[in-house]
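Visitor: I have the model open and would like to talk through some details. Please take my questions as they come.

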Amino acid sequence: GLFLVEVVSIRNLLLDKHRAIIGAILSDHCERCRTITDYLDDEFKKINKNLSKRPENIEQLTELEEYINSLGNILGALQNFIAEMMSYQNVLEKYKYKTDLDSGTQRWSVFGFPKKIASKCAEVQESNVAVKRRFKDEMMGEQANFLKTVHELEQQVVGLENLVDLSDVANIASVVKEVETRLNAAQAKVKLFNLFINAEIL
């Protein structure tokens, strides 16, 4: 006998399944794109926050300059994520997949972040020149006082040779302790001066 095969309903069923699969894939793409965008947004905001810190001493200035020098590698890695984000976005646009306005705004904000960070780095480095100059003036004043302290320490150390009275052990121990404390403080100061000299060379 004859058979009647209803092709239209089968075709519609396959189309619906096909559309559902594409919809699921695009939904996953959208979610992945949003995850990358959120991650990048957080990372760039952290970088911006670190660059916005104003150094209050030579150690912080040195840390800030080292951080800026390390940003090349960090930004390179983030740039790869931006390329991945935009690749997902291109697929979504190709298939006219609708995303919310906030996601689109955030995506373009993230896309422009590397340029903003580069501009911020240049601004911070320019500001650091003035900060370094101020620290240098302060350091010169401190070095003058430091030389005076070193001279006093030399006198105290020489004076230790005269402390030989065993009946005055408690007083001798106190004097030695004071000299030791001042020597440690002087060594810390020398490290600070050296740190500044190294920062000057950088």
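Visitor: What does Lys45 count as, going by its relative accessibility?

Guide: Lys45 counts as partly exposed, at 48% relative accessibility, where buried means under 20% relative accessible area, exposed means over 50%, and partly exposed is anything in between, with a 1.4 Å probe and protein chains only. Please keep in mind that this is a predicted model, in which local features need pLDDT of at least 70 and side-chain atom pairs count only at pLDDT 80 or more, while totals for chains, interfaces and linings use all residues. Residues are numbered from 1 along each chain as its sequence is written, and side-chain values use heavy atoms, with hydrogens and water left out.

Visitor: Which residue does the side chain of Lys45 meet in a salt bridge?

Guide: The side chain of Lys45 meets that of Asp41, at 2.9 Å from N to O; a salt bridge here is a side-chain nitrogen of Lys or Arg within 4 Å of a carboxyl oxygen of Asp or Glu. Lys45 and Asp41 are 4 residues apart in helix H1, so about one helical turn separates them. Helices are DSSP runs of H or I with at least four residues, strands are E runs with at least two, and both are numbered from the N terminus.

Visitor: Let's step back. How many helices and strands are in the protein chain?

Guide: The protein chain has 4 helices and 0 strands, which gives the order α-α-α-α from the N terminus on. Of the 202 residues in the protein chain, 26% are buried.

Visitor: How far apart are the end C-alpha atoms of H1, and what should its residues span?

Guide: The end C-alpha atoms of H1 are 65 Å apart, which agrees with the 66 Å that its 45 residues should span, the expected span being 1.5 Å times one less than the number of residues.

Visitor: Changing topic: how many disulfides does the rule give?

Guide: The count is 0, taking a disulfide as a pair of cysteine sulfur atoms within 2.5 Å. For Cys30, the nearest cysteine sulfur belongs to Cys33 and is 6.7 Å away. Cys30 is buried at 9% relative accessibility, and Cys121 is buried too, at 10%.

Visitor: Which residues line the largest pocket?

Guide: The lining consists of Asn50, Lys53, Arg54, Pro55, Gln60, Glu63, Leu64 and Tyr67, and its largest share, 4 residues, comes from H2. About 170 Å³ of space lies in this pocket. On a 1 Å grid over the protein atoms alone, a pocket is an open set of points where a 1.4 Å probe fits, with protein on both sides within 12 Å along at least five of seven lines, and lining residues have an atom within 4 Å of a point.

Visitor: What about Lys96, where is that found?

Guide: Lys96 is in the loop between H2 and H3, where its phi is near 55 degrees, a positive value in a residue other than glycine. At 71% relative accessibility, Lys96 counts as exposed.

Note on methods:
Points joined across faces, edges and corners; volume = space filled by probe spheres on them.
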